[in-house]
Every structure is written in C-alpha cells, then in structure tokens.
Amino acid sequence: MTSTRPVPPAHARATPQRRRRRSLGNVVLGVLGTALIFAGAAVLAASLFAPTTVERGYGQVKAAVNDVAAEVQLPAVRLGVEGGQAELDVCDGSFIEMTSYRNTVGVPAVYAAHNNCGGDIVLNWEVGTQFEVEGQPGTFEVVDVRHTAKHWETTEALIGLQGDFALQSCFYGEDRMQFVGVRPVSG
C-alpha cells in the first residue's frame, strides 16, 4: 500500500538553510535563557547572603529614577493623617504627621513615610529642591536637610531644623534617616 500523505506547499517545506536558522535561533534562545537563569540565581543568592547591599543598590536605582522623573515634572507629596507607627505602617503613599515629634521644642511638624511606600522621593532632595504638596497651593522648597540614625531618640538632633514642616524617610539598606525641612516658596 502506498502512502497518500499530502505534499506541503513549497513555502512550507523546510530547507537545510531554514533548519540551520531555526537551530541557530534555538541556540541563541537557549543561551539567553540560561544566562537569565544564572542571573536570577545570582540575584537570589545576593539577596539571601547580602540583603543590605541589595537593598542599598535598589535604593540607588530608585533614587535615580525619581531624579529623572523630577526633570520632567515637579515631584509631589501627599500629607496624610496624624499618628504613629501603626498609621505609618498602613503604607498608603502619604506622609503621616508623626505625633512622637511634637514634644520637642524647636522641631517643626514631621511627616514620615516608609521608603518603599513613597517616602523615598525625598532621599535625594537637597536644599533648593522644589516640589508640590497635593491639595496645597503653590510650590514648596527644601530649606534644610538633616541625617540621623534610625532611632526615635534622634529628636534632639532635629532641634533648629529650618522650615514650616519636615518630611522624613529612611535610606534603603542603611541605618540612616533623612529629614528635609520645607517651606512654601514666596511668590
């Protein structure tokens, strides 16, 4: 009995040249796939054995992205409710007015946000940086910058911080916080 298998059209027949292209493509994809797997394994190993270094590197990349975005449009922050650690941990993207700083004379109102909840926007800010506050008219400007350790007993280090209020966030992978004293830009 003879086979009556249909003959594929000429454009669908694999030529040796087409087979080589497919083979070369498979090799390239295999090499890229293997490289990605090794890169992923390296990142996983680094995050397990050096999490602080990975976090610090992530923070540097995130800060660079924030800087590029600020060149296109003024950065904006949102001020939220007053409270403490519980309100801060809600992580809703707003800066919480921290009641723990109220009892220190010479320290303006402090609004804080975790760095991974939108607070990292302030980490590269320096004196002269301008930004907007959602719901507030006009532009605001950084007039003072302070770095402290990540301990709540650092309020004394903030005495004399210039500005009508301060924004605060922690650096990625470091035992440091940044406070920026701000005030409206006089028009």
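The S-S bond of C91 and C117 has a torsion of about -90 degrees, so this disulfide is left-handed. It belongs to a predicted model, in which the count comes to 1 disulfide.

**The disulfide**

- C91 and C117 are joined with a sulfur-to-sulfur distance of 1.4 Å.
- This pair links distant parts of the chain, as its two cysteines are 26 residues apart.
- You can find C91 in the loop between α3 (85–88) and β3 (95–98), while C117 sits in the loop between β4 (109–112) and β5.
- Are the two cysteines buried or exposed? C91 is partly exposed, with a relative accessible area of 34%, whereas C117 is buried, at 11%.

- Side chains of opposite charge can pair when their charged atoms come close.
- R78 and E134 meet through their side chains in a salt bridge, with 3.9 Å from N to O.
- Which parts does this pair tie together? R78 lies in the loop between β1 (76–77) and β2 (79–83), and E134 in the loop between β5 (130–133) and β6 (140–149), so the bridge connects parts that are 56 residues apart in sequence.
- R78 is partly exposed, with a relative accessible area of 32%, and E134 is partly exposed too, at 48%.

**The pair R146 and D144**

- Another salt bridge brings together the side chains of R146 and D144, at 3.7 Å from N to O.
- R146 counts as partly exposed, at 21% relative accessibility, while D144 counts as buried because its 14% falls under the 20% cut-off.

**A network of charged residues**

- Salt bridges that share partners join E82, E97 and R102 into one network.
- Within this group, E97 forms a salt bridge with R102, and their closest N and O atoms are 3.5 Å apart.
- How accessible are these two partners? E97 counts as buried at 17% relative accessibility, and R102 counts as partly exposed at 44%.

Terms used. Residues are numbered from 1 along each chain as its sequence is written. This is a predicted model: local features need pLDDT of at least 70, side-chain atom pairs count only at pLDDT 80 or more; totals for chains, interfaces and linings use all residues. Side-chain values use heavy atoms; hydrogens and water are left out. A salt bridge is a side-chain nitrogen of Lys or Arg within 4 Å of a carboxyl oxygen of Asp or Glu. Helices (H or I, at least four residues) and strands (E, at least two) are DSSP runs, numbered from the N terminus. Buried means under 20% relative accessible area, exposed over 50%, partly exposed in between (1.4 Å probe, protein chains only). A disulfide is a pair of cysteine sulfur atoms within 2.5 Å.
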